[in-house]
Amino acid sequence: MRTPRTSIIMPVYNTANTVINAIQSVRSQTDPNFELLIMIDGSPDDSADIITDYHKKNPDTRIHIFNNPENKGVSAVRNQGLNAARGDWITFIDSDDEYHPEFLEKLHEAARTHDADIAVCGHTIRHSDGTEVHRAKVTPGVHEGEDIAIEFLEDRYTGFMCDKIFRAQLFDGVRFAEDIHRAEDALVVFACCMKAKRLVGITDHLYTYRMEQGGLTWGRITPVEESIRHTDYMRRVAGDLLKTPRGKNAFAASTSVTFLNNAQQALLAGGSDAPGVIAACRKQLSWG
């Protein structure tokens, strides 16, 4: 069997109501040269049965289902997908989101035209009340060398995996940290940005991200120790980039945002733990 151009990795957990729509958005791609790796993560609902039944009724040799009986977390099953992927390119989709039909075609065209290792597009945020907001958090055009990683630290790209395609070689030695449960995407995006020679951005809104109230990001308070591990991981990946004035400043800004977001979670969630979390985050920030 020939190697597909793109391996698409889809973790599935408790999304029985949306996962078929996500699968169909992949199958509707105008670029059909892909494999879809569906990584069921011990989901407590009937997602596995729904996916299996759908696949029996709609057989597609490009789809491969991994039904893990035990819940190991999104990072673990994404790593499992990376280990199984055969494509020259890697991308991701969440099982409650969807692709625009030209997601793969337009990103591959941009990457091919500019010989880029990463291609980034805009996305649409769909709120639970049905309203949508279009966002293109990328400067269109080509970005090269250390500018790619520095601009990521400066928050000029999203930390999402799902609005990007990556050359598969960027994942050599790069995997998701399974002890990080918030912004785990950003760690891997940054590691890939550090290895990429060229990134291209387009402003087309090709990915729809569903944002539910009370979701994981703002529905729980991240332990400050986890944010410290996150920052330490980023520091190790950054390496010599931190020896340059611009790299050092960008990393300081990124670190500040990490702990400000952590404190914001506590402010929004409230509860008896919130004051301690806010105080601990404040200790991680200095004028320096």
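Let me begin with the rings: when we pair them by whether their centres lie within 6.5 Å, the count for this structure, which is a predicted model, comes to eight aromatic pairs. One of these pairs is formed by Tyr99 and Phe103, and it is stacked, with 4.0 Å from centre to centre and 10° between the planes. If you are wondering where that 10° puts the pair, recall that planes under 30 degrees apart count as stacked. Are these two residues buried or exposed? Both Tyr99 and Phe103 are buried.

Now please stay with Tyr99, since Tyr99 also forms an aromatic pair with Tyr207, and this one is edge-to-face, at 5.8 Å centre to centre and with 65° between the planes. Why might we care about where these two sit along the sequence? Tyr99 belongs to strand β5, residues 98-99, while Tyr207 belongs to strand β10, residues 198-211, so the pair ties together parts that are 108 residues apart in sequence. Tyr207, like Tyr99, is buried.

There is also a cluster to find on your screens, in which ring pairs link Phe92, Phe166, Phe171 and Phe176.

Let us step back to the whole chain, which has 10 helices and 10 strands. The radius of gyration of the protein chain is 19 Å, close to the 19 Å that the globule rule gives for 288 residues, so the chain is as compact as a globular protein of that length. Taken along the principal axes, the C-alpha atoms fill a box of roughly 60 × 45 × 35 Å. Of the 288 residues, 48% are buried, and among the contacts with a separation of 6 or more, 81% are between residues 24 or more positions apart.

Ser286 and Ser256 are 30 residues apart along the chain, and their C-alpha atoms are separated by 8.9 Å.

How values were computed. Residues are numbered from 1 along each chain as its sequence is written. This is a predicted model: local features need pLDDT of at least 70, side-chain atom pairs count only at pLDDT 80 or more; totals for chains, interfaces and linings use all residues. Side-chain values use heavy atoms; hydrogens and water are left out. Rings of Phe, Tyr and Trp (its six-membered ring) pair if their centres lie within 6.5 Å; planes under 30 degrees apart count as stacked, over 60 as edge-to-face and the rest as tilted. Buried means under 20% relative accessible area, exposed over 50%, partly exposed in between (1.4 Å probe, protein chains only). Helices (H or I, at least four residues) and strands (E, at least two) are DSSP runs, numbered from the N terminus. The radius of gyration is taken over C-alpha atoms; the globule rule is 2.2 Å times the number of residues to the power 0.38. Contact means heavy atoms within 4.5 Å.
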